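Q: Got a chain open here and want to go through it. Can you take my questions as they come?

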Amino acid sequence: GAFSTLLNAKKLFLAMEKIYNNVSIKKETVRGTVYHKVRIETFSTRDEARRYGEKYLREMDIKFTVVVQ
């Protein structure tokens, strides 16, 4: 998730870290607006990340996006 307030990002972070490893919050500015992005894990391939999202996140009705760094 991406949030304009750090508090909302921290709420998701705390919920997700109970379930998943390597949860992080990354601050990013897009067109002058600061967002706090909650990320789960790091994967070796884009396909591996997509499969993980489809298997674990969609079953919890969590929308996901694969981000390539």
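Q: Is Tyr-20 buried or exposed?
A: Tyr-20 counts as buried because its relative accessibility is 7%; buried means under 20% relative accessible area, exposed over 50%, and partly exposed in between, with a 1.4 Å probe and protein chains only. This is a predicted model, where local features need pLDDT of at least 70 and side-chain atom pairs count only at pLDDT 80 or more, while totals for chains, interfaces and linings use all residues. Residues are numbered from 1 along each chain as its sequence is written, and side-chain values use heavy atoms, with hydrogens and water left out.

Q: Where is Tyr-20 found?
A: In the loop between H1 and E2. Helices (H or I, at least four residues) and strands (E, at least two) are DSSP runs, numbered from the N terminus.

Q: What is Tyr-20 in contact with?
A: Leaving aside neighbours within four places in sequence, Tyr-20 is in contact with Ile-40, Tyr-52, Tyr-56, Leu-57 and Met-60. Contact means heavy atoms within 4.5 Å. As for Tyr-56, it is 36 residues from Tyr-20 in sequence and 9.8 Å away in space, C-alpha to C-alpha.

Q: And what does Ile-40 touch?
A: Not counting residues up to four places away in sequence, Ile-40 touches Met-16, Tyr-20, Asn-21, Asn-22, Val-23, Tyr-52 and Leu-57.

Q: Which residues make up the largest nonpolar core?
A: Nine in all: Ala-9, Phe-13, Met-16, Tyr-20, Val-23, Val-38, Ile-40, Tyr-52 and Leu-57. A nonpolar core is a set of buried Ala, Val, Leu, Ile, Met, Phe, Trp, Tyr and Cys residues joined through side-chain atoms within 4.5 Å. H1, E3 and H2 are the elements that give two or more residues to this core, and H1 gives the most, with three.

Q: Which residues of H1 are buried?
A: Ala-9, Phe-13 and Met-16. Seen down the axis of H1, the buried residues fall within an arc of 70°, so they line one face of the helix. That arc is taken over the directions from the helix axis to the C-beta atoms.

Q: What do they pack against?
A: The buried residues of H1 pack against strand E1 (2-3), strand E2 (23-30), strand E3 (33-40) and helix H2 (46-57). On the face of H1 turned away from its buried side are the exposed residues Leu-7 and Lys-11.

Q: Switching to E3. Is His-36 buried or exposed?
A: His-36 lies in strand E3 and is buried, with a relative accessible area of 10%.

Q: What about the phi of Arg-31?
A: Arg-31 has a positive phi of about 50°, although it is not a glycine. Arg-31 lies in the loop between E2 and E3 and counts as exposed because its relative accessibility is 84%.

Q: Zooming out, how do the elements of the chain run?
A: From the N terminus on, β-α-β-β-α. The radius of gyration of the chain is 12 Å, close to the 11 Å that the globule rule gives for 69 residues, so the chain is as compact as a globular protein of that length. The radius is taken over C-alpha atoms, and the rule is 2.2 Å times the number of residues to the power 0.38.

Q: How much of the chain is buried?
A: Of the 69 residues, 19% count as buried.
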